[in-house]
Amino acid sequence: MNVFVKKGMLAETKSQAVILTLFEDGKKLSGIALEIDKKSGGLISKLMADGDFEGKASQVAVAYSCGNLPSKRIALVGLGKQKEFNLEKLRAAFAKVMRHLRGMNVKEASTSVNLNLIPGKKDQIVQAAVEGALLGLYQYTPYKTVGREEFKEMDEFNIIADAKEYAVIEPSVKKAKIIADAVCFVRDMISAPSNEMTPSIMAQKAQEVAKRKNVTCTVLDRKKMQELGMNALLAVASGSQEEPKFIILEYSGGRKKDAPVVLVGKGLTFDSGGISLKPSDKMEEMKTDMSGGAAVVAALRAAADLKLPLNIVGLVPATENLPDGRAYKPGDILRSYSGKTIEVLNTDAEGRLVLADTLAYSARFRPAAVVDVATLTGACVIALGEEVIGMLGTDEELKREIRNAGEKTGERVWELPLWENYHEQIKSDIADYKNTGGRPAGTITAAAFLSKFVGDFPWVHLDIAGPAWTTKDKAYIPKGASGIPVRLLVEFLRGRAKQ
Ligand code: BES
Ligand code: MN
Ligand code: ZN
C-alpha cells in the first residue's frame, strides 16, 4: 500500500473513505469531526445518538455520505477513554479501521492526524497511526495459488495535512514507512518455510540490504569458520546438508572512531532438536527459529534507510539443527571460538552454542554495546507467554534504554534476574560449562551460559521465543510472524543516535 501526505482539508477531500478518530468520552464533536458532521447533515452525531458508535477502543462504524461530502464514506474509529489513551490504542485503531475498510473492498482511504492527541508527541502520533495501518494490513500470500483473486488489498492511504502540519507530518510518515517496511520484510523472512529460507538465502537477504549506502555484508562459509575455530557453531551445523553461513552486516553512519553497537541474532532456519529430537507436534513452528537473526538484518536495513548517525554491526550465525550420522551428540565436548569448552547435554539447546561463538566474535568490533536477540528457550514462553520479551543483561543503563524503547514501541520487555547463584547450574564436571542447566529457570540459565562468552562490554539478551510468533490475531499483528523486536531495536538505535 502506498502512503501519501497531501496538503488540504479532510472535509474537502475526495476519497473512497475518510477516517475519523473519536474518543469514547468526547461528548461534543470538535475540529474536523464537527466540520464533517455539519457538512454531512449531522451524520456523525446521529450515529452516536443512536448508539451505533460510542468511540470504544478500536470500535468501527462506516456510513455513506450520500453526496453531502466529496468523499463516499465516513469511517469512524474509536480511541477509547481519553485518560486511558496511548500509542498502542492508536496503532490498534488504525489497524482495525483499515482492515475493516479492506474487508469492504475499499481501495483507498484518507485521514488527518490530530497532532495534539498526546501533548509533546507529534512525531510519535503520526508514526503510530501509519505503522498501525501498514502492519495491520500485512498478509503473507506468496504460496497461495488457488483463489488469489479473492485476496483484497488496499492500494492507497492519504494523510491530509494543512500547510502548518505538513512539515511535521511528512518526515514522520517517511520514517514510519521505513520502519513498517522493515517489519514486513522480517515477517516475510520468518513466514517463509525452511526449504525456502535456508542459511544461504538468509545471507542473500543480508546482501540485498548491503546494496544500501554505507552498508557492507561479509558472509563466512564453513571453511572460514573452521579456520577461525567456531566449533560450537559448526557442531550445530554438522548434521545439516545446508551450508552454514556466518553473516556480518556493517553499517557505518557514524564517525570512523565511534565504537559500534553490535546486534546479534540467532539464525536457526530450522531447529529439529538434532539427536535430542523434538516431538513432531508443532515442530513445523521451528522454521521461525531464525526470527532473531532476521530481526537484526531488518533493524540494520531500517537504520541505513533512516541514515542514523551511528555505526552498527549485525552478526547472524545461520544454520539448521538436524539429526544425521555426522550430527553432534549428547556428551560431545566442544572447544568454542573463545577457547572455553562446552559439554553438550542436549543437542536441542543449540541456540546458545551458535550464540556463544558469535558473542565471543563480537569482541573484535570493540562494541559500545552488544544486544542479542533469540528464540532461545521454551521456558520463556512458559514464564512470560506470547505477550512480552524476556530481558536479561549485565548493564543497567543499557537495560534502561531497551526497556524505554520497548515501552515506546509497544514491544515491551520484562526483566528476569541473572544472579550469581544461577551460574552454578551450568558448570560442567569435565568441561568449563554444560549447555543446559536443567528445567528450573531455563531462560535464566541459558542467559547465564551466554554471559560466559560476552567480553567486557555492556550486554543485553532478549529472549523472543514467546512473541516472535503469535497464535492469534492481535490488533496490528495478524497471527503468524510478529516482526518483534524490529521496532524496539530501531527505537533503541534512534535513541543512541540522539545522544
Ligand atoms: N528454539 C528452541 C526454543 C523455542 C521453543 C523457541 C519454543 C520457540 C518456541 C530452542 O533451541 C530449544 O529447543 N530450547 C530448549 C532448551 C532445552 C533443551 C534446555 C527448550 O527450551 O526446550
Ligand atoms: Mn533447540
Ligand atoms: Zn532453537
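This is a predicted model: local features need pLDDT of at least 70, side-chain atom pairs count only at pLDDT 80 or more; totals for chains, interfaces and linings use all residues.
**View 1. Surroundings of ligand 1.** Ligand 1 is surrounded by 15 residues (a heavy atom within 4 Å), the closest being D271, K278, D348, E350 and G378. This shell comprises seven charged (Asp, Glu, Lys and Arg), five polar and three nonpolar residues. The space that ligand 1 takes is the largest pocket; a pocket is an open set of points on a 1 Å grid over the protein atoms alone, where a 1.4 Å probe fits, with protein on both sides within 12 Å along at least five of seven lines.

**View 2. Polar contacts of ligand 1 (N or O pairs within 3.5 Å).** An oxygen atom of ligand 1 lies 2.6 Å from a polar backbone atom of G378. A polar side-chain atom of D271 is 2.9 Å from an oxygen atom of the ligand, and one of D289 is 2.9 Å from a nitrogen atom of ligand 1. Of the 510 Å² of accessible area that ligand 1 has on its own, the protein covers 77% (Shrake-Rupley method, 1.4 Å probe).

**View 3. The manganese ion (ligand 2) and its donors.** D271 (OD), D348 (O), D348 (OD) and E350 (OE) coordinate the ion at 2.0 to 2.2 Å (donors are N, O and S atoms within 2.8 Å of the metal, or 3.2 Å for Na, K and Ca; water is not among the atoms). The arrangement is irregular because the six donor atoms subtend angles of 71 to 166°; six donors count as octahedral if opposite donors are over 155 degrees apart and all others between 65 and 115. D271 also bridges to the zinc ion (ligand 3), 3.2 Å from the manganese ion.

**Notes.** Residues are numbered from 1 along each chain as its sequence is written, and chains are lettered from A and ligands numbered from 1 in the order written. Local features need pLDDT of at least 70 and side-chain atom pairs count only at pLDDT 80 or more, whereas totals for chains, interfaces and linings use all residues; side-chain values use heavy atoms, without hydrogens and water.

Technical notes: A polar contact is a pair of N or O atoms within 3.5 Å; within protein, one must be able to donate a hydrogen and the other to accept it, and residues adjacent in sequence count only if both atoms are side-chain atoms. On a 1 Å grid over the protein atoms alone, a cavity is a set of points where a 1.4 Å probe fits but cannot get out, and a pocket is an open set with protein on both sides within 12 Å along at least five of seven lines; lining residues have an atom within 4 Å of a point. A molecule sits in a cavity or pocket if more than half of its atoms lie within 2 Å of its grid points. Four donors count as tetrahedral if all angles lie between 85 and 135 degrees; four count as square planar and six as octahedral if opposite donors are over 155 degrees apart and all others between 65 and 115; anything else is irregular.
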